[in-house]
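Take a look at the fold below.

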Amino acid sequence: MKVMLDERDTNQTPLFIGSPLAHQPTYYCTSTAPPTTHAMLNNLQNTYIASCHKFGVKANSKLRDMLDRPPAELKVLDLSKNYMGFENGLACLLDVIQASTCLEEINLSGNYLTSENINSLVEVLITHPSVSIVRLNNNRLYIDSGKDLLRLVRHNRNVILLELTTPGIANDNKIPEKILNQIQRQLQINMTRKANTEAAAAG
């Protein structure tokens, strides 16, 4: 199952505080209390609501509704071109990512992520059991984020695609070429390892 946000609604307060983007989908969470731990384990929506309560973030009701399913059903999370706002804007999604144990692809391109955002994301993804594709185009990432992302691909060998640039498309990421090359070399190692593992399992 793929969760993707791409709507226009300019009549409400943004989910991610401080969003300048008109296309940011903006809705509210109607729950008045966080769900129990048992409920969180069975439904990503409850995980998201609880995280929003924890960090004081107004939940996006469209995303909330799309997450009304068991963790095993979420394969792709596409939140591209949605400004994340302050640190808690991303933090409220990290619990969802961590709980989504069958999640394979994350797209956070064009989210104006900070170095702190990337560090927090890497801390979650570095032990994630299933994520293999991470797209972070056009986020104004610099050397510190590059070092964190290099650490990610070195420690989580499941990651075989880390997209930081798109040929022919303007990109605000400014990670040094040396680090980009190191990331690419490690991704190649990860891909080779995965191919060998799959071939051994098939044979």
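## Pockets, core and a helix

The second largest pocket holds about 180 Å³ of space. This is a predicted model. Two elements, β5 and α7, each give two or more residues to the lining of that pocket. The largest share, four residues, comes from α7. Leu 180, Ile 183, Gln 184 and Leu 187 are among the lining residues.

The largest pocket is lined by residues including Ser 80, Lys 81, Asn 107, Asn 137 and Glu 163.

| Pocket | Volume | Lining by class |
|---|---|---|
| Largest | about 210 Å³ | two nonpolar, eight polar, two charged residues |

Now the core. In soluble globular proteins, nonpolar side chains tend to be buried together. Here the largest nonpolar core has 41 residues. Tyr 48, Ile 97, Leu 136 and Ile 183 are among those with the most contacts inside it. The elements α2, α4, α5, α6 and α7 each give two or more residues to this core. α4 gives the most, with six residues.

What does Leu 136 touch, beyond its neighbours within four places in sequence? Its contacts include Leu 108, Ile 118, Leu 149, Leu 162 and Glu 163.

Last comes α6. This helix has 13 residues and reaches 18 Å from its first C-alpha to its last, close to the 18 Å expected. Its buried residues include Leu 149, Leu 152 and Val 153. The buried residues of α6 pack against α5, β5 and α7.

Technical notes. Residues numbered from 1 in each chain as written. Predicted model: local features only at pLDDT ≥ 70, side-chain atom pairs only at ≥ 80, totals over all residues. Heavy atoms only, no water. Core = buried A, V, L, I, M, F, W, Y, C linked by side-chain atoms within 4.5 Å. Buried < 20%, exposed > 50% of the residue type's maximum accessible area, 1.4 Å probe, protein only. Contact = heavy atoms within 4.5 Å. Expected span 1.5 Å × (residues − 1). 1 Å grid on protein atoms, 1.4 Å probe; cavity = no way out; pocket = protein on both sides within 12 Å on 5 of 7 lines; lining within 4 Å. Points joined across faces, edges and corners; volume = space filled by probe spheres on them. Nonpolar A, V, L, I, M, F, W, Y, C, P; charged D, E, K, R; others polar.
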